[in-house]
Amino acid sequence: MTRQILPPGLRGLEERAARIILRRKGRAKAIPAKALAALLGIRDERQARRIVERLVREHGFLILGANDEPGGYFVPSTWLEAQEAISKLRGHALKELARVSRLSGHARIEEMAGQMDLRGRRGA
């Protein structure tokens with residue numbers, strides 16, 4: 001197995017998480033956030049998720065996630081595997097955008113926007 005070269009500036013938990021996930025080639029070898037947190041020596045799955053998010057957004061790692069079995073984070077081993085994961089992610093994002101759109105125009109939100117805040121100003 002070739003040694004993965006990590007980008008400069010990657011340190012601590014991010015570096016350890018990258019090394020762990022980069023060994024997870026293929027969806028079948030996905031590592032759940034709970035297991036990743038345990039390997040990193042942290043108790044909070046949310047912190048593990050935030051670390052993975054930074055690896056993707058700030059450092060450009062090709063790390064995908066799966067919610068169904070086997071769930072967890074992985075590096076795609078094929079183009080098709082990547083496309084399937086990206087398609088599911090896109091579908092989830094579109095559902096969330098539809099939810100935001102629906103909530104943004106909700107009458108209760110509009111009503112709250114007209115209320116005064118504690119400093120006596122209208123709206124929030």
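A: The side chain of Glu 81 reaches the backbone nitrogen of Ser 77 at 2.6 Å. This is a predicted model, in which local features need pLDDT of at least 70 and side-chain atom pairs count only at pLDDT 80 or more, while totals for chains, interfaces and linings use all residues. Residues are numbered from 1 along each chain as its sequence is written, and side-chain values use heavy atoms, with hydrogens and water left out.

Glu 81 belongs to helix H4, residues 79-104; helices (H or I, at least four residues) and strands (E, at least two) are DSSP runs, numbered from the N terminus. Glu 81 is buried but has no salt bridge. Buried means under 20% relative accessible area, exposed over 50%, and partly exposed in between, with a 1.4 Å probe and protein chains only. A salt bridge is a side-chain nitrogen of Lys or Arg within 4 Å of a carboxyl oxygen of Asp or Glu. The nearest side chain of opposite charge to Glu 81 is that of Arg 27, 6.5 Å away; Lys and Arg count as positive and Asp and Glu as negative, whereas His and the chain ends are not counted.

Leaving aside neighbours within four places in sequence, Glu 81 is in contact (heavy atoms within 4.5 Å) with Gly 26, Arg 27, Phe 74, Val 75 and Pro 76.

In H4, Ala 82 and Ala 85 are buried along with Glu 81. The cover over the buried residues of H4 includes strand S1 (64-66) and strand S2 (72-74).

Glu 14 is found in helix H1 and is buried, with a relative accessible area of 13%. The side chains of Glu 14 and Arg 54 are joined by a polar contact of 2.5 Å. A polar contact is a pair of N or O atoms within 3.5 Å; within protein, one must be able to donate a hydrogen and the other to accept it, and residues adjacent in sequence count only if both atoms are side-chain atoms. Not counting residues up to four places away in sequence, Glu 14 touches Ile 51, Arg 54, Leu 55 and His 59. The buried residues of H1, including Glu 14, pack against H2, H3 and S2.
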